[in-house]
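The sequence and model come next, and my entries follow.

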Amino acid sequence: MDDLDETPPTAVLRDPAHRVSPRARRMWALEAVLGELVVLAGQVVWWFLDDGGRTTHWVVFAVWLVVAVAYTAVMPVWRYRVHRWESTEHAIYTQSGWLTQERRIAPLSRVQTVDLQRGPLERLFRLATVTVTTASAAGPLEISGLDLPVAQRLVEGLTAAAVLDEGDAT
């Protein structure tokens with residue numbers, strides 16, 4: 001048998017192994033509600049500044065209400081189904097988004113920095129975001145909605161792996 005007839009092995013792209021914390025759904029829903037309240041505040045200001053008829057205001061309010069309720073109900077659940085992550089001895093792998101989804105893999109030899117962030121809402125829900133900066137032009141990998149202890153272990157593991165790698169991460 002000729003070696004040229006053999007097909008090279010192909011990699012099978014699968015979902016990363018780990019989901020983010022289930023509490024991330026509540027945090028994303030609260031973030032959505034807070035954004036929707038800003039839009040509602042603009043509508044209230046428009047209501048008091050406009051001397052014209054109120055029909056347009058009620059139509060805009062009805063559209064806002066339908067879109068806001070649908071967004072708050074669907075986005076966190078859908079996003080939770082998509083967001084995943086995995087760290088192996090060779091790479092960090094993320095999947096994120098909801099309407100637009102992204103999968104990224106970064107070899108640990110390319111890791112430059114590993115950051116753990118916690119905003120006010122993340123602290124409220126005991127969650128954290130891990131940002132892995134690499135030499136990639138695509139920018140850092142970000143895993144949001146992790147339980148704090150999981151995020152801390154991930155940062156420790158990635159930091160230890162980056163220290164062991166003798167490459168220059170470029």
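**Rings, charges and core**

I began in helix H2, where Trp-58 and Phe-61 both lie, 3 residues apart, about one turn of the helix; helices (H or I, at least four residues) and strands (E, at least two) are DSSP runs, numbered from the N terminus. I note that this is a predicted model, in which local features need pLDDT of at least 70 and side-chain atom pairs count only at pLDDT 80 or more, while totals for chains, interfaces and linings use all residues. Residues are numbered from 1 along each chain as its sequence is written, and side-chain values use heavy atoms, with hydrogens and water left out.

I then looked for ring pairs (Phe, Tyr and the six-membered ring of Trp, centres within 6.5 Å; planes under 30 degrees apart are stacked, over 60 edge-to-face, the rest tilted), and the count came to 5 aromatic pairs. Ring pairs link Trp-47, Trp-58, Phe-61 and Trp-64 into a cluster.

For charges over rings (NZ of Lys or CZ of Arg within 6 Å of the ring centre and within 35 degrees of the ring normal), I found Arg-54 over the face of Trp-47, at 4.4 Å from the ring centre. I also found the charged end of Arg-25 over the ring of Tyr-80, 4.4 Å from its centre.

Last, I checked Leu-146 for contacts (heavy atoms within 4.5 Å): leaving out residues up to four places away in sequence, Leu-146 touches several residues, including Trp-85, Val-130 and Leu-154.
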